[in-house]
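Here is a friendly walk through one structure, strand by strand and contact by contact. Have a look at the sequence and the model first, and then we can go through them together.

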Amino acid sequence: MAILRCENLTKIYGEGENLVKALDGVSLSIEKGEFVSVTGPSGSGKSTLLHILGGVDKATSGKVIINDTDISALDEDKLAVFRRRQIGIVYQFYNLMPVLNIDENIALPHLLDGRPLDMERLDKTIEFLGLSDRRNNLPNQLSGGQQQRVSIGRALYSRPAILLADEPTGNLDSKNGEQIIELLMESNRSQKQTFILITHDESLALLADRMICMEDGRIVRDERIRKFGGVSDEK
């Protein structure tokens with residue numbers, strides 16, 4: 001069952017001689033629980049696609065449908081609520097609040113949504129992240145890898161339908177980068193959470209069930225790497 005569909009997405013910046021078509025008629029469908037990577041060179045449109053799928057930016061034309069809701073048709077207030085409840089986003093930069101500890105940073109979007117804090121879920125999330133002994137630490141007391149784990153926890157805590165990650169290992173060394181990808185993949189497997197990874201690193205892209213390659217704002221390849229459910233097509 002498709003949890004996400006986008007239909008003929010275009011995104012245009014500027015006009016006249018300065019016009020840039022960042023997305024040029026992108027359509028795709030992603031199944032619930034699928035791990036999909038989106039790769040391509042710089043300027044190919046992959047991050048623009050993620051921002052539109054995540055409701056952070058609006059397409060010039062086209063539709064994005066998540067769980068049967070056309071988010072393209074929502075006003076800003078309804079879109080903000082939908083995004084907090086249904087979409088988790090992990091960026092290359094951690095975007096943590098410097099005056100809040102780990103617990104507070106993870107729970108902040110949930111509390112902004114006016115929902116009561118579920119301490120059992122928070123405990124399990126922090127345990128999953130391997131940060132149980134750091135809960136009172138502020139971001140500047142954490143390593144880069146630990147800060148990215150908090151960013152992931154913030155995205156996971158509300159149990160979103162879709163988790164989007166935009167170059168999540170870009171600011172990390174190879175060891176921490178591998179751990180972050182393993183953490184995201186474990187969430188995909190254990191929670192059957194739909195996971196879309198934006199990366200320029202083909203070795204990371206090949207870890208997915210399916211790899212989409214973009215150039216010049218278009219999908220130029222959509223390749224099944226493993227049978228859905230994690231079983232390789234390779235014999």
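## Salt bridges

How many salt bridges does the count come to? The count comes to 16, where a salt bridge is a side-chain nitrogen of Lys or Arg within 4 Å of a carboxyl oxygen of Asp or Glu. Before going on, please note that this is a predicted model, in which local features need pLDDT of at least 70 and side-chain atom pairs count only at pLDDT 80 or more, while totals for chains, interfaces and linings use all residues. Residues are numbered from 1 along each chain as its sequence is written, and side-chain values use heavy atoms, with hydrogens and water left out.

One of the salt bridges joins arginine 5 and glutamate 7, at 2.7 Å from N to O. Arginine 5 is partly exposed at 32% relative accessibility, and glutamate 7 is partly exposed at 33%. (Buried means under 20% relative accessible area, exposed over 50%, and partly exposed in between, with a 1.4 Å probe and protein chains only.) Another salt bridge links lysine 21 and aspartate 24, at 3.8 Å from N to O; lysine 21 is partly exposed, with 40% relative accessibility. There is also a network of salt bridges, which links Glu34, Arg210, Asp222 and Arg224.

Lysine 11 and aspartate 57 form a salt bridge with their closest N and O atoms 3.4 Å apart. This pair links distant parts of the chain, 46 residues apart: lysine 11 is in strand β1 (residues 2-13), and aspartate 57 is in the loop between α1 (46-53) and β4 (61-66). Helices (H or I, at least four residues) and strands (E, at least two) are DSSP runs, numbered from the N terminus. Is lysine 11 buried or exposed? At 10% relative accessibility, lysine 11 counts as buried, whereas aspartate 57 is partly exposed at 25%.

## The antiparallel sheet

Strand β1 also belongs to an open sheet of four strands, in the order β2-β1-β4-β5, with antiparallel pairing. The edge strands are β2 (20-31) and β5 (69-70), each of which pairs on one side only. Two strands pair if DSSP finds at least two bridges between them. Between β1 and β4 there are five bridges, in the antiparallel sense, and cysteine 6 has valine 64 in β4 as its bridge partner.

What about the cover of β3? Five of its five residues are buried. In a regular strand the side chains alternate between the two faces of the sheet. Here Phe35, Ser37 and Thr39 point one way from β3, and Val36 and Val38 point the other way.

Strand β3 runs parallel to strand β8 (residues 194-198), joined by four bridges, with valine 36 opposite isoleucine 196. Four bridges also pair β3 with strand β9 (residues 210-215) in the parallel sense, and there threonine 39 stands opposite cysteine 213.

## Aromatic rings

The structure holds one aromatic pair. Its rings belong to phenylalanine 35 and phenylalanine 195, with centres 4.6 Å apart and planes at 15°, so the pair is stacked. (Rings of Phe, Tyr and Trp, the last by its six-membered ring, pair if their centres lie within 6.5 Å; planes under 30 degrees apart count as stacked, over 60 as edge-to-face and the rest as tilted.) Because phenylalanine 35 lies in strand β3 and phenylalanine 195 in strand β8, the pair ties together parts that are 160 residues apart in sequence. Both phenylalanine 35 and phenylalanine 195 are buried.

Helix α1 is largely enclosed by the rest of the structure, because six of its eight residues are buried. These are Lys46, Thr48, Leu49, Leu50, Ile52 and Leu53. Just after α1, glycine 55 takes a positive phi of about 75°.

In the loop between β3 (35-39) and α1 sits serine 42, which counts as exposed at 75% relative accessibility. Serine 42 is 47 residues from isoleucine 89 in sequence, and their C-alpha atoms are 20 Å apart in space.
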